[in-house]
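Open the model in your viewer and keep the selection tool ready. The tour goes stop by stop.

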Amino acid sequence: MTTEAPTDAAPPPAAGHAITTAGLVKTFGTTRALDGLDLTVRTGEVHGFLGPNGAGKSTTIRVLLGLLRADSGTATLLGGDPWADAVALHRRLAYVPGDVELWPTLTGGEAIDLLGRLRGGLDARRRADLIERFDLDPTKKGRTYSKGNRQKVAIVAALASDAELLLLDEPTAGLDPLMEVVFQDVILRAKADGKTVLLSSHILAQVEKLCDRVSIIRRGRIVQSGTLDEMRHLTRTTIEAVTERPAAALAALDGVHDLTGGDTAGQVRFTVDGARLDAAVRELSGYGIRSLVSHPPTLEELMLRHYGDELAAHR
Amino acid sequence: MTATTAAAPGTAPPPPPRTTAPGPVGPFTGTGVLLRFALRRDRVRLPVWIAALTLGTASSLASFESTYADAADRRSIGETLNSPAGLAMTGPARYLEGDYGFGAMLGHQVLGFVLVLVALMSVLTVVRHTRAEEESGRAELLRAGVLGRHAGLAAALALAALANLALGALVAATVAGEGGGALLYGATHTATGVVFAALAAVAVQITPYARGAAGLGLAAIGTAYALRAVGDVGGGTLSWLSPIGWAQGTYVFAADRWWPLLLSAALAAGAGWAAFALSVRRDVGAGLRAQRLGRPGGSAALGRPLGFALRLHRGVLLAFAGGLALLGAMYGSILGDAERMIEDVEALREQVERAGGASVAESFVSVVLIVPAIVAAVYVVMAALRPHAEESAGRAEPVLSTALSRTRWAGSHLAVALAGGTAVLLSGGLVLGLTGALSTSDGALLWKVPGAALAYAPALWVTAGIAAVLYGWLPRACAAAWIVPAYAFVCGYLGELLGFPGVLNDLSPFGHVPRLPATALDGGGWLALGLLTALAGALLWLGLAGFRRRDLETK
């Protein structure tokens with residue numbers, strides 16, 4: 001298995017891909033919201049789309065929906081052109097925006113039916129089931145719903161459809177933790193039904209739980225894409241150990257970084273490149289290991305690897 | 001305004017108890033801060049309104065001075081206006097007694113028209129700073145701070161009062177050369193503006209929607225205008241039920257009576273008090289009536305683009321149709337009076353006979369129909385810009401992510417604007433025809449008046465087309481579509497009084513509509529209507545083509 005590095009040319013649209021974009025550029029005035037975005041989502045997978053606010057997640061999704069027109073680059077969605085074939089493609093997909101706005105005078109139930117029927121119909125049984133699971137009152141008027149309840153309306157409308165592709169843009173913003181669990185259940189079931197999901201999110205636990213593959217976006221470009229395992233392999237593992245003899249010499253070993261302690265017997269802490277883990281542990285065992293803890297990189301660390309400099313600038 | 005730093009500088013040996021607030025806190029705490037904030041927010045909008053209204057008065061005056069330089073000319077236009085249609089479009093006949101100088105001409109011909117706009121400015125200002133803020137949720141953020149219960153409403157009313165004071169002072173200065181009534185002339189503007197600000201303050205308590213509150217305010221303005229029109233033709237009683245009638249009842253520059261403005265002051269005070277009283281009987285963000293629950297699912301019609309659009313337009317459409325039916329009923333009911341009035345004045349009867357063939361009622365109808373037509377144009381602009389309102393509120397995005405094409409979505413709204421505008425117009429025409437036929441016993445009006453009203457439909461469609469082009473190509477400049485009804489109002493209404501050159505009227509689609517039923521619909525008339533319809537079709541097509549090409553505006 002290979003990881004698509006950002007420098008790789010985008011793969012040609014293949015039957016196994018629900019979404020492919022290559023070199024997508026979108027500017028708003030002087031802001032370059034998308035700056036050569038290459039994204040691939042395989043059919044049947046739940047694909048996490050990670051990045052902080054303003055990185056270009058929503059712009060990407062709106063280009064994929066044909067709501068915005070890319071300045072350059074290509075995008076293929078379910079085998080069609082998202083701008084030219086928008087209406088035909090929309091029959092096969094459902095969208096949940098991150099900030100759902102409802103019609104003040106329409107009830108939630110009416111909004112669900114409206115969106116469902118305009119798409120081409122929805123499954124009444126699934127609609128009823130989802131309304132119950134999300135504990136939504138469909139008789140209230142749009143203006144009286146809280147943020148979380150407005151999100152639920154859009155989620156129910158999207159998931160009660162027969163769409164084969166779900167484009168979800170931070171869909172659970174404003175949902176309480178209980179509903180977050182329901183949402184994860186529902187998405188896993190959609191995946192089991194063979195649906196493809198593009199899930200933009202910055203809730204890392206949600207992505208870790210649901211997603212087969214993730215793409216990390218930064219300033220309008222995908223900086224890393226792959227399965228979580230692959231990404232972990234490419235990233236450093238943290239080792240904490242207690243040794244019998246000073247292990248400072250480890251610092252000289254290829255692939256070992258950020259070593260602290262180790263100058264006397266006892267605590268030593270370092271990170272090591274995934275490919276050098278074996279060599280480092282062998283070396284470490286030479287100092288007499290009393291205890292050993294290893295942390296695989298969390299998604300947070302994967303993100304920070306790409307955003308560490310921005311974080312430092314804000315501190 | 002409350003002092004925020006009450007603690008005296010220096011040393012105070014006994015430390016003050018902690019419970020002492022840094023100033024008195026009451027229901028009006030923070031009004032001053034909010035007022036300054038509101039002044040800053042409206043630092044462009046209100047000066048533009050005030051300048052436009054002042055300039056309108058100044059240019060009307062200049063136009064009178066050049067067009068009616070001779071006393072004989074003024075007497076002649078005064079005699080022309082002393083007809084039912086003339087009085088319905090201007091003001092009470094009392095202004096025509098005396099020498100009908102420039103000041104009296106202003107009070108008679110311009111005042112009522114300008115006061116409609118002053119009232120509009122006041123209503124929109126109050127709604128924007130109260131209900132619209134609550135609906136957006138911003139008011140909640142502010143109310144969580146140190147802010148009295150009444151501060152928001154008090155600041156909005158104070159802002160409207162300041163704007164109307166400034167307007168009154170500027171208008172008074174503009175007409176200062178016309179004699180002793182200048183101050184009173186300015187005061188009628190301030191008084192009427194404040195009355196409608198107070199009425200709007202009540203309206204925003206009733207409905208939870210800014211759009212609905214503005215609609216109630218518009219209905220109040222329309223009713224006030226229609227009451228004075230009917231009253232001025234029919235003897236004056238009904239004019240005394242209208243705040244605009246009170247302002248014209250000062251007979252400014254003709255008799256200079258101040259006391260009718262006491263009625264304005266009393267209504268403003270009463271409505272203002274009611275607004276504050278009502279505001280504490282409801283929750284922030286809610287209306288007076290508790291929000292009712294609705295249907296748990298959508299009807300079959302809601303799932304179709306046109307049904308969906310119609311559902312969103314329903315309330316406003318019905319309100320306008322009802323309003324125009326009322327206006328039509330008022331005009332229709334005075335048709336009989338109009339005929340009798342003409343019978344009494346021999347000069348007028350001769351004039352009517354010279355005009356050739358048309359009955360008194362028919363000439364009256366052909367003059368006043370421009371009013372319902374412009375009201376219908378206001379509806380058309382509102383409806384045709386609804387897609388833009390939906391788009392900027394973020395509600396277009398989920399719908400356009402379904403299998404609904406952009407053309408069908410925007411096209412449905414435009415279809416409602418076209419058909420709805422025509423229906424609204426026809427509603428006014430039908431009721432005017434019916435009540436007119438009853439009051440004059442002339443059965444032919446039953447079909448002549450609605451037919452004459454329908455002649456304005458192509459001009460309405462062009463209005464919708466202009467709004468569509470702006471929406472498709474320059475969505476940020478959409479509000480410019482309001483120029484069409486505003487310009488038609490100025491040209492079609494004031495243009496004839498002020499003697500505008502014909503070319504100005506030709507720029508408005510409403511200037512090309514044949515004035516039926518006083519004249520017959522000849523080949524030229526049909527050609528004009530056909531060309532307007534074709535132009536409307538082309539504009540609508542162009543607008544939709546632009547909308548298909550552009551990015552959706554996203555939040």
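Where is the place of D135(A) in chain A? Select D135(A): it sits in the loop between α4 (124–133) and α5 of chain A. Helices are DSSP runs of H or I with at least four residues, strands are runs of E with at least two, and both are numbered from the N terminus.

**Before you go on**

This is a predicted model, in which local features need pLDDT of at least 70, side-chain atom pairs count only at pLDDT 80 or more, and totals for chains, interfaces and linings use all residues. Residues are numbered from 1 along each chain as its sequence is written, chains are lettered from A and ligands numbered from 1 in the order in which they are written, and side-chain values use heavy atoms, with hydrogens and water left out.

**Stop 1**

Most residues other than glycine have a negative phi. D135(A) counts as exposed because its relative accessibility is 58%. Exposed means over 50% relative accessible area, buried under 20%, and partly exposed in between, with a 1.4 Å probe and protein chains only.

Now select L78(A), in the loop between β4 (72–77) and α2 (86–90) of chain A. L78(A) is not a glycine either, yet has a positive phi of about 50°. At 16% relative accessibility, L78(A) counts as buried.

**Stop 2: a buried loop residue**

Go to S161(A), in the loop between α5 and β6 (165–169) of chain A. Is S161(A) buried or exposed? Its relative accessible area is 1%, so S161(A) is buried. Show its contacts (heavy atoms within 4.5 Å). Leaving out residues up to four places away in sequence, S161(A) touches A94(A), R119(A), G121(A), L122(A), R126(A) and K195(A).

**Stop 3: the second largest cavity**

A cavity is a set of points, on a 1 Å grid over the protein atoms alone, where a 1.4 Å probe fits but cannot get out; lining residues have an atom within 4 Å of a point. Four cavities of 30 Å³ or more are counted. The elements that give two or more residues are α3 (108–119) and α5 (147–159) of chain A. The largest share, four residues, comes from α5(A). By class, the lining has 11 nonpolar, one polar and two charged residues.

**Stop 4: across to chain B**

Chain B averages 89, and 92% of the residues score at least 70. Over residues 1–11 of chain B the pLDDT is below 50, and this stretch has nine contacts in the model beyond near neighbours in sequence.

Select H129(B), in helix α5 (residues 102–129) of chain B. H129(B) counts as buried, because its relative accessibility is 11%. Beyond neighbours within four places in sequence, H129(B) is in contact with A38(B), R41(B), D42(B), A156(B) and L159(B).

**Stop 5: a cis bond and a helix**

Which form does the peptide bond from L516(B) to P517(B) take? That bond is cis, with omega near -5°. Most peptide bonds are trans. P517(B) lies in the loop between α24 (502–506) and α25 of chain B.

Finish on L531(B), in helix α25 (residues 523–549) of chain B. L531(B) is exposed, with a relative accessible area of 54%.

Definitions and conventions. pLDDT is the predictor's confidence in each residue, from 0 to 100. On a 1 Å grid over the protein atoms alone, a cavity is a set of points where a 1.4 Å probe fits but cannot get out, and a pocket is an open set with protein on both sides within 12 Å along at least five of seven lines; lining residues have an atom within 4 Å of a point. Grid points are joined across faces, edges and corners, and a volume is the space filled by probe spheres set on the points. Ala, Val, Leu, Ile, Met, Phe, Trp, Tyr, Cys and Pro count as nonpolar, Asp, Glu, Lys and Arg as charged, and the others, Gly among them, as polar.
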